[in-house]
Amino acid sequence: MKKFDAVVIGAGMSGIACALRLQSFGLNVALIEKHRVLGGLNSFFQRVKKSPDGKRQGIRHFDVGLHALTNFAKKGSRKKPLMKILRQLRIPYDSLLLKEQNYSLIHLDNKKLKFNNNIDTFISEVETYFPDQLDGFKKLIEVVESSTLDTSDNEYISSRKKIKEFISDEILQEMIFLPVFYYGSSWEDDIDFKQFCIMFQALYLEGFSRPYGGIRTLFNILKEKMQALNIVRMMGVAVQKIEQKLDHHILELSNGEVISSKKVFSSIGYPETQRVLGQKVNKEAVGKLGFVEVQIFYNELLEKKLPTICFYNKTKKFIYRNPDSLIDRDSAIICSPEGYDDFEGKEGVLRVTFLANYKLWKELDSKEYTEKKEYVERVAKELIEEIYPAHLRTESFIDTFTPLTVEKYTSHINGAIYGATKKFLNGDMGVKDLFLIGTDQGYLGITGSILSGISMANMYGFPTRHQP
Ligand SMILES: Cc1cc2nc3c(=O)[nH]c(=O)nc-3n(C[C@H](O)[C@H](O)[C@H](O)COP(=O)(O)OP(=O)(O)OC[C@H]3O[C@@H](n4cnc5c(N)ncnc54)[C@H](O)[C@@H]3O)c2cc1C
């Protein structure tokens, strides 16, 4: 039986970062991934690009996850999550080739607020459109800036209640929540205030950027690091069962192998980890929020200065729930990958993301599934026409994923991108020497999940060698 000091389950962002950090402590580490490609929720793929008459025209690249890398930090800045990640993984800042966002937009009913990587822009928007809320908004910023994360504190505090201490205008409350929920809440219509502070910091105080070349730029760096450190990678292999022994774990793998490890770091999610441990799954905590995304390619690059991300809600009240229909047509994220300092592609791209109901998608047969995807694509195009009406664009290709796609490629129950509604900030779900990392540890997004992998490795990995 192969024996390891630590096994990391899942080669998404958190798993890769965790394995790199553990190996750098001199431990003997295995990284086990069910799929043949790295990246989990944030991967990429490519397809042959064809002309309308079927002639090959090169390759088209797709980013699965990346809309925006949150937590932007300028070169040389200190104490920012992005800088911590780069320092701990020994990645030079310049190698990420970061391009800053143009600006992003919160569009609720007929109101619009801009924000960018300088919080003063958001403050001045609040001053212009909600002057009587300015003092409260500044106070909220102070509270977020001074908040420190106590990882042993798992008490849930409703942000909807808490925000009333600072902002009395309900429209402004909704507008602040719109990006925060969309980019990081696993709770319906609310978010734990600790998570709110993390997201507020990541989105509004630090902001968005994009590596030139998309997420593959970051992956290529991480892959090289893994190769240099000789991390044992088992790709296309799932962990099917974990059995806890006195001072180690026995893991049964889908290729028939059985291995032993002193410590286990799991990035697959809380209920999903319960499943492989043979525990009763905490159904209450299973995440319900799924998404559909339509990526539309155009023959020509888009007009300059579209918002990088537009967070859209049709009405005054933002409903962030598992919808009763296949998708929620009343709100969406519209992402323009060209909305950065510089763009490497030759085609225009817009991505439209809707809340989606996993169960309703699951009930469809394959013909209905295709038809409903086409329906969602029409809805996405109509929304683009409505929001960015003045421009002529010729569509060249369209690709759509549903909660079933997310489930297939990540094994998250219900295709829930933001995982469970119970988070374990200290990684400890009550099983000796087994730790949660990534989404259900509670740090979300690309930067968050990498930070999660690093912090959990630092907290629990430092170094105890396996005693055979
Ligand atoms: C469409 C979309 C857009 C997004 N946009 C952004 C964005 O713009 N900015 C941002 O910061 N974040 C974004 N995110 C979120 C971000 O991608 C995730 O928060 C992050 O990638 C989560 O990483 P993780 O390591 O925690 O989990 P995951 O990526 O889910 O990794 C878990 C891995 O475990 C593997 N696995 C599961 N079960 C097993 C098993 N039994 N054995 C072995 N392996 C297993 C899975 O295959 C997967 O690779 C987006 C996500 C999606 C889906």
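Author: Start with burial: a residue is buried under 20% relative accessible area, exposed over 50%, and partly exposed in between (1.4 Å probe, protein chains only). This is a predicted model, in which local features need pLDDT of at least 70, side-chain atom pairs count only at pLDDT 80 or more, and totals for chains, interfaces and linings use all residues. Residues are numbered from 1 along each chain as its sequence is written, and side-chain values use heavy atoms, leaving out hydrogens and water.

Begin with the loop between helix 6 (170-182) and helix 7 (193-206), where D189 sits; helices (H or I, at least four residues) and strands (E, at least two) are DSSP runs, numbered from the N terminus. D189 is not a glycine, yet its phi is positive, about 60°. Its relative accessible area is 17%, so D189 is buried.

Now the pairs. The model has 21 salt bridges, each a side-chain nitrogen of Lys or Arg within 4 Å of a carboxyl oxygen of Asp or Glu.

One of them joins E188 and R321, at 2.9 Å from N to O. E188 is in the loop between helix 6 and helix 7, and R321 is in the loop between strand 14 (309-313) and strand 15 (331-335), so the bridge ties together parts 133 residues apart in sequence. E188 is partly exposed at 23%. R321 is partly exposed too, at 37%.

R210 lies in strand 8 (residues 209-211) and D63 in strand 4, 147 residues apart. R210 has 8% relative accessibility, so it counts as buried. D63 is buried as well, at 6%.

Next comes E100 with K74, where the closest N and O atoms are 2.7 Å apart. E100 belongs to strand 5, K74 to the loop between strand 4 and helix 2, and 26 residues separate them. E100 is partly exposed, at 21% relative accessibility.

One arginine deserves a note for its backbone. R90 has a positive phi of about 55° without being a glycine. R90 is placed in the loop between helix 2 (81-88) and strand 5 (98-100). Its relative accessibility is 60%, so R90 counts as exposed.
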